[in-house]
Amino acid sequence: MQEAIISEEQWLRVQELRKHKRRPTKTGRTSLFSGLLYCYDCKSKMHFVAAKSMKRKQEHFRCSQYKSGRGKCAMHYIRDIVLERLVLEAVSDLSDFVRCYEPVFLYLLAKKNNAMRQKEYQQLQKAVENGTKRIAEIDRLIEKVFEQNAGGILSDERFAKMLQSYEKEQKALTQEVEENLQTLQNAEQRVVDLRLVLRTLREMTDIKELTPTLVNSLIERIEVHNSDKSNGHSHVKVDIYFTAVGMIDIPTEKEILATMEEIRNNPQDFKFVA
Ligand SMILES: [Zn+2]
C-alpha cells in the first residue's frame with residue numbers, strides 16, 4: 001500500500017467543509033441533500049424549496065432551470081422525505097452487501113472502474129523515477145556541453161544541435177513525468193476515499209436515520225429523473241453516486257455466486273490497488 005497523498009484527517013476535513021457549504025433557505029430550513037442534487041436531464045443544480053407555510057412533507061427539490069414553468073427544463077420534482085427514504089434504502093443495501101460480500105464488492109468495483117492493478121502502478125512509479133533521474137542527468141549533460149563549447153572543444157554548430165536535442169528530450173520527459181504523477185495521485189486519492197467509504201459501510205449496522213456526516217462521506221452526487229406518471233401514480237427515479245464507488249447495482253444472489261466463481265478462477269485479476 002502506497003502512502004496516501006492526503007491523510008484521513010484531511011479527507012474528513014474536506015467532508016466537513018462540504019457540509020458547511022450548504023446554505024439554509026430563507027426560512028432557515030435545510031436539507032441533508034442540499035448541494036448534492038442535480039437534474040438528470042440538464043445536469044443543473046436542484047433547488048431546495050421550503051417555506052414557513054409548508055409542512056415538512058411538502059418540502060421538495062426542483063430543477064433550478066424549471067423556473068415555475070418558464071425555464072428550459074421540466075420540474076424534476078422530488079420531496080425531501082421521499083429522497084431521505086430512497087437514500088437510506090440505498091445506503092443500507094450497499095452496507096449489507098459490503099458487510100456480507102466485501103471481496104465480491106471490491107472485485108466488481110475494480111472491474112467497473114478498470115482499476116489500476118498493482119503491476120501497472122509499479123510500472124508508473126518506475127517510469128516517474130527513471131524520468132526524474134534522466135531529467136537531472138540531462139541538466140548535467142547540458143552543463144558539460146556549455147563548458148566544452150566555452151573551452152573550444154565543441155564547435156558552435158555542434159553545440160547548438162546538442163543543446164537543442166537535450167532540451168527537447170527534457171521537455172518531453174518533464175511532461176511525461178507530470179502526467180504519470182497525476183495518474184498516480186488520482187489512483188491514490190481513490191484508494192483513500194474507498195478505504196474510508198468501506199470503513200463507514202462496514203461499521204454501519206441497522207441504521208434508522210441518515211446523518212449529515214453519513215450523507216457527506218458516502219454520497220457524492222444524486223441525479224433526479226423527471227417523474228414518470230405513466231402507470232397512474234408518480235414514480236421518481238434517482239441515480240445515487242457513492243463516493244469512490246459511483247453508481248452501483250447490488251448484484252443478485254445468482255450474480256454474486258457467479259462472481260465468486262470468477263474470482264476463484266482468476267485469482268491474479270484480484271490484485272488491484274485498493
Ligand atoms: Zn433540469
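**Fold count.** I started with the secondary structure of this predicted model. The protein chain holds 6 helices and 6 strands. Reading from the N terminus, I get the order α-β-β-β-β-α-α-α-α-β-β-α. I then looked up burial: 38% of the 274 residues are buried. For contacts, I took pairs at least 6 apart in sequence, and 63% of those join residues at least 24 apart.

**Zinc site.** Next I went to the metal. Which residues hold the zinc ion? I found Cys39, Cys42, Cys63 and Cys73, each giving its SG atom, at 2.3 to 2.4 Å from the zinc. Along the sequence these donors follow the spacing C-x2-C-x20-C-x9-C. Cysteine 39 sits in strand β1 (residues 37–39), while cysteine 73 is in the loop between β3 (60–63) and β4 (78–79), so this pair ties together parts 34 residues apart in sequence.

The 4 donor atoms subtend angles of 97 to 116 degrees around the zinc ion, and that makes the arrangement tetrahedral. For reference, the ideal angle for four tetrahedral donors is 109.5 degrees.

As background, nonpolar side chains in soluble globular proteins tend to be buried together.

**Helix α6.** I tested the length of α6 (residues 253–265). Its 13 residues at 1.5 Å each should span 18 Å, and I read 19 Å between the end C-alpha atoms, which agrees. Its buried residues are Ile256, Thr259 and Ile263. Looking down the axis of α6, I see those buried residues within an arc of 65 degrees, so they line one face of the helix. The face turned away from the buried side carries the exposed residues Lys254, Leu257, Arg264 and Asn265. I also asked what covers the buried residues of α6, and α2 (80–112) is included.

**Positive phi.** Lysine 67 has phi near 45 degrees. This lysine 67 is in the loop between β3 and β4, and at a relative accessible area of 46% it is partly exposed. Alanine 244 has phi near 65 degrees. I place alanine 244 in the loop between β6 (238–242) and α6. Its relative accessibility is 16%, so alanine 244 counts as buried.

**Leucine 124.** Leucine 124 belongs to helix α3 (residues 118–150). Its relative accessible area is 18%, so I log leucine 124 as buried. How far is the C-alpha atom of leucine 124 from that of valine 177? I get 9.2 Å, with the two residues 53 apart along the chain.

Conventions
Residues are numbered from 1 along each chain as its sequence is written. This is a predicted model: local features need pLDDT of at least 70, side-chain atom pairs count only at pLDDT 80 or more; totals for chains, interfaces and linings use all residues. Side-chain values use heavy atoms; hydrogens and water are left out. Helices (H or I, at least four residues) and strands (E, at least two) are DSSP runs, numbered from the N terminus. The expected span of a helix is 1.5 Å times one less than its number of residues. Buried means under 20% relative accessible area, exposed over 50%, partly exposed in between (1.4 Å probe, protein chains only). The arc is that of the directions from the helix axis to the C-beta atoms. Contact means heavy atoms within 4.5 Å. Donors are N, O and S atoms within 2.8 Å of the metal (3.2 Å for Na, K and Ca); water is not among the atoms, so sites may look incomplete. Four donors count as tetrahedral if all angles lie between 85 and 135 degrees; four count as square planar and six as octahedral if opposite donors are over 155 degrees apart and all others between 65 and 115; anything else is irregular.
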